[in-house]
Amino acid sequence: MKTALPRTPLVAAVALASFGMIGHAAADTSALEQRLLELESRIAAAEQRASAAEQRAELAEAQAAGSPAPADVEERLARVERQASGEEGFSFNVYARSGLLLGEDRKSIDGGPYVTPAGGLGGAVGRLGNEPDTYAEAILNYRMQFDNGAKAHYRTMLASGTTTSNDWDGDSNLNVRQVYAEFSDLPSFTGAFENASIWAGKRFDRDNFDIHWLDSDFIFLAGTGAGIYDVQLADNWRSNFSLYGRSFSDYPVRPERPGDEGNTDSLILTANNYFGNWQWMVSGLSAADNDERDIGDDQMAADSGFHTMVAYHGDSFFGLGEGNFKVALMHGQGLGAEVKGLGSDGNLTDDAQATRLGIYGTTYVAPNWRLAPVLLGEVSKDRYVDGDDYKWLTLNARLVNEITQNFEMQYEASYQYMDLDPNGFDGRNAVSGDFGKFTIAPTFKPQVGGFWQRPEIRAFASYTDWSSDLNNYGASSFGNEGFTGGQWSFGVQTEVWF
């Protein structure tokens, strides 16, 4: 006789667990009941697990009656359960944003988190109400588990971005940004490697971390290569090791041979060490023949470099309350002087050096108010020509008021100071000054609560202004006709991830 397992406790447990992840958003009893009803619709996977459990119960009854279950049936049921839990099988993840950014004259205007003169050096100014593009990532995963307990994960990631508002972009730049395989729980691995996983292919490093609302990575290590994660060197010492390759753009490697162009490989060898909440990352970089790159003015491009980062990942809001914070100090020389996107800039000189500090945190300052402040700044010199000197500092904060279950008001303020002396590089002029942006964004969501709750649809109005001296920098949006400071912009945008 079939024994049906009760579904109601399962529904309630899944719903309550999901509700507990929302954060500190206040809710009364009626709101809780409404959320429970909404979350019940999301338990298709749980229903599948329940179905598998029912079949297992049937087998148990048959065994109790003296009829042993075939081994292949047991294995199929085990696989169903693993697939239902996400440990095995296919899954799909997405990040996407798309919106319209208009100026006061109802025409498209320049924008983006890196719109300022310091943007080319990594000086982001905040993304809310400042993004003119459509960008989408589609991530396809397949996970397998083998009889010996070993696991395999295969991932492919497709991405495309455009700034046109048309439904069809004739200049599409679809990219395959990740294709890799990763193996874990390998029975042959013992000792320090017992919990280690190995991978090879093209990928974003697993332990990159960023400031999402600024649209700036703390560190972005990516490319094509191989590595090993989670080598346990001591009780409180875990390390990751990787070798990534990247390619610089085509350039004449040997001027005496016209037409002899190539992609100089940039190799990045990294040891990423974790000691509790502390992280210490060390990288060595090399690029064969890059010193033959013609960067002008009798400068020599770097063919090697060094990079290091010390970071702390806090599990509170700077010890003042619930939330989290991260702080990272980075330094690089030569090819390592591009301290965020490791190995991505072949124009750096042999003497280039840069130091960057980043700090951010997230917390609730009241039951329905959440706050995320950021400080990010960098100093660098001898970057592209001997004697150049760049300094910039960004202060940013996003404040959000959760008004109803489906509506919140977002506010973002950004300030950036920059003192840039390119020393004539690429025809640019020395400038110094300030940039400011303030955005108001009414936002609709299926359910509010927490910094990472998506999807959302938002309208926005932004006011931006900057020092007139910045218009003289050159090779920048600043100073172009119709983009000279003291401007309003308006638009709508959606942002999705799951």
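**Pockets and cavities in a predicted chain**

The lining of the largest cavity draws at least two residues from each of β20 (431-444), β21 (456-466) and β22 (487-497). The model is predicted, and its chain contains four helices and 22 strands. Of the 498 residues, 43% count as buried.

**The chain as a whole**
- Among contacts with a separation of 6 or more, 61% join residues 24 or more positions apart.
- The chain exposes about 23900 Å², and 56% of that area is supplied by carbon and sulfur atoms.

**Cavities**
- Two cavities of 30 Å³ or more are present in the structure.
- The largest cavity has a volume of about 100 Å³; of its 15 lining residues, I109, D110, N130, T464 and S489 are the closest to the centre.
- Seven nonpolar, six polar and two charged residues make up the lining of the largest cavity.
- The second largest cavity holds about 70 Å³ of space, and its lining includes H212, W213, R370 and R398.
- By class, four nonpolar, two polar and five charged residues line the second largest cavity.

**The largest pocket**
- The largest pocket has a volume of about 1500 Å³.
- It is lined by 43 residues, of which E137, F204, D210, D217 and F220 are the closest to its centre.
- Elements that give two or more residues to this lining include β1 (89-103), β2 (134-145), β3 (151-162) and β4 (175-184); β5 (197-204), β6 (209-211) and β7 (216-219) are also among them.
- The lining of the largest pocket comprises 16 nonpolar, 11 polar and 16 charged residues.

Methods:
Residues numbered from 1 in each chain as written. Predicted model: local features only at pLDDT ≥ 70, side-chain atom pairs only at ≥ 80, totals over all residues. Heavy atoms only, no water. Buried < 20%, exposed > 50% of the residue type's maximum accessible area, 1.4 Å probe, protein only. Contact = heavy atoms within 4.5 Å. Areas by Shrake-Rupley, 256 points an atom, 1.4 Å probe, with all protein chains shown as cover. 1 Å grid on protein atoms, 1.4 Å probe; cavity = no way out; pocket = protein on both sides within 12 Å on 5 of 7 lines; lining within 4 Å. Points joined across faces, edges and corners; volume = space filled by probe spheres on them. Nonpolar A, V, L, I, M, F, W, Y, C, P; charged D, E, K, R; others polar.
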